[in-house]
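Please read the points below alongside the sequence and the coordinates.

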Amino acid sequence: MYYFYIMSNPNKSTLYTGVSNNLARRGYEHKEHILQNSFTAKYNVCVLLYYEIYTDIRQAITREKQVKKWNRSWKVRLINKLNPHWNDLYEEIAGL
């Protein structure tokens, strides 16, 4: 399984897109700022807002490239379809 995902900081001012083959692990890495000098650590990106599941890594990467080009309002609409209250979905995918 491969995941395209969108995360944000706690005040929802920054949106970050990514791809991973283990969304629970990747979400944990974002939350704990494992890569201390990264964009996500700098902007405290730690809230999982949206994800899609793919069986082919190429499809997940293609989707990320597509959404990464979108303006913020389009990304917000995408998030709102699945997660209108912008809850952190990390516990859902981590099985907590």
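The points below take the salt bridges, then a helix residue and its contacts, then a nonpolar patch.

1. Basis. This is a predicted model, in which local features need pLDDT of at least 70 and side-chain atom pairs count only at pLDDT 80 or more, while totals for chains, interfaces and linings use all residues. Residues are numbered from 1 along each chain as its sequence is written, and side-chain values use heavy atoms, with hydrogens and water left out.

2. Salt bridge count. The model has 6 salt bridges, a salt bridge being a side-chain nitrogen of Lys or Arg within 4 Å of a carboxyl oxygen of Asp or Glu.

3. K31 and D88. These two form a salt bridge, with 2.6 Å between the closest N and O atoms. K31 is in helix α1 (residues 23-31) and D88 in the loop between α4 (72-82) and α5 (90-94), so the pair ties together parts 57 residues apart in sequence. Helices (H or I, at least four residues) and strands (E, at least two) are DSSP runs, numbered from the N terminus. D88 is partly exposed at 33% relative accessible area, and K31 is partly exposed at 25%. The classes are buried (under 20% relative accessible area), exposed (over 50%) and partly exposed in between, with a 1.4 Å probe and protein chains only.

4. E52 and R63. A salt bridge joins these side chains at 3.0 Å, N to O. Because E52 belongs to strand β3 (residues 47-54) and R63 to helix α3 (residues 57-68), the pair ties together parts that are 11 residues apart in sequence. Both E52 and R63 are buried.

5. D56 and R58. The closest N and O atoms of this salt bridge are 2.9 Å apart. D56 is partly exposed, with 22% relative accessible area, whereas R58 is exposed at 60%.

6. Network. Salt bridges also link R25, R26 and E29 in a network.

7. V76. Which residues does V76 touch, leaving aside those up to four places away in sequence? They are L15 and W86, where contact means heavy atoms within 4.5 Å. V76 sits in helix α4.

8. Nonpolar patch. Y28, I34 and L35 make a nonpolar surface patch of about 310 Å². Patch residues have over 30% relative accessible area and no salt bridge; like charges are joined within 9 Å, nonpolar side chains (Val, Leu, Ile, Met, Phe, Trp, Tyr) within 5 Å. Accessible areas come from the Shrake-Rupley method with a 1.4 Å probe, and for residues only the protein chains shown count as cover. Y28 is in helix α1 and is partly exposed at 43% relative accessibility.
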